[in-house]
Amino acid sequence: YPSAIRRRVQRALESGTPSSLHPENLSSIDDLFRQADRGDAAARQETDRIAGLFASLLCNAQIMMDPQDILFHDAYGYSCEYFHRRMEEICREKTDGSFFAPPRIHFIQEDFTENVRYGAILYSRDAYLRHFVQEE
């Protein structure tokens with residue numbers, strides 16, 4: 001996806017959107033998000049588009065499965081504040097006037113994978129110990 005982001009940023013620059021970005025220097029979406037946090041207009045324009053896509057996905061998932069909370073971890077947990085704020089705002093806009101409340105979005109910045117592994121270990125240990133209690 002970095003090449004698609006580079007193309008969109010290049011188009012924004014060609015349309016006259018002010019920016020200090022150089023598309024060839026974007027190696028990942030993190031680079032784009034960092035620039036959006038710094039206030040770069042072209043980076044914010046593309047980040048708004050990405051946040052809108054995520055918000056649409058989340059609102060559709062909410063309609064289909066009705067989760068109250070949605071967790072982001074790893075790269076998206078650490079992504080820029082601007083991306084987080086825009087995604088939450090767009091979710092609120094998309095659900096405004098409907099009977100659905102916007103999903104609560106949590107950005108987990110801890111080592112989520114390690115926490116899941118630890119939880120699985122505790123669950124397995126408890127299941128193992130319950131096995132002996134049930135036999136008695």
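Helix 3 (residues 41–65) and helix 5 (residues 81–95) pack against each other in this predicted model at an angle of about 50°, with their axes 8 Å apart. Here an axis is a line fitted to C-alpha atoms, for helices over the stretch in contact, and the angle runs from 0 to 180 degrees between N-to-C directions. The two helices are therefore oblique to each other, given that angles under 35 degrees count as roughly parallel, over 145 as roughly antiparallel, 65 to 115 as roughly perpendicular and the rest as oblique. The crossing of helix 3 and helix 5 is right-handed, a term used if the near helix is turned clockwise from the far one by less than a right angle, with anticlockwise giving left-handed.

Contact, in the sense of heavy atoms within 4.5 Å, is made by residues including I50, F54 and C59 of helix 3 and F83, I90 and C91 of helix 5. The residues of this contact divide into eleven nonpolar, five polar and four charged, where Ala, Val, Leu, Ile, Met, Phe, Trp, Tyr, Cys and Pro count as nonpolar, Asp, Glu, Lys and Arg as charged, and the others, Gly among them, as polar.

L53, which lies in helix 3, is 37 residues from I90 in sequence, and their C-alpha atoms are 9.5 Å apart in space.

| Residue | Relative accessibility | Class |
|---|---|---|
| L53 | 51% | exposed |
| C80 | 4% | buried |
| C91 | 1% | buried |

How many disulfides does the structure hold? The structure holds zero disulfides, a disulfide being counted as a pair of cysteine sulfur atoms within 2.5 Å. For C91, the closest cysteine sulfur is that of C59, and because the two sulfurs are 4.0 Å apart, they are too far from each other for a bond.

Taken as a whole, the protein has six helices and two strands, which follow the order α-α-α-β-α-α-β-α from the N terminus on; helices (H or I, at least four residues) and strands (E, at least two) are DSSP runs, numbered from the N terminus. Of its 136 residues, 32% count as buried, and among contacts between residues at least 6 apart in sequence, 58% join residues at least 24 apart.

Residues are numbered from 1 along each chain as its sequence is written, and side-chain values use heavy atoms, with hydrogens and water left out. As this is a predicted model, local features need pLDDT of at least 70 and side-chain atom pairs count only at pLDDT 80 or more, while totals for chains, interfaces and linings use all residues.

Terms used
Buried means under 20% relative accessible area, exposed over 50%, partly exposed in between (1.4 Å probe, protein chains only).
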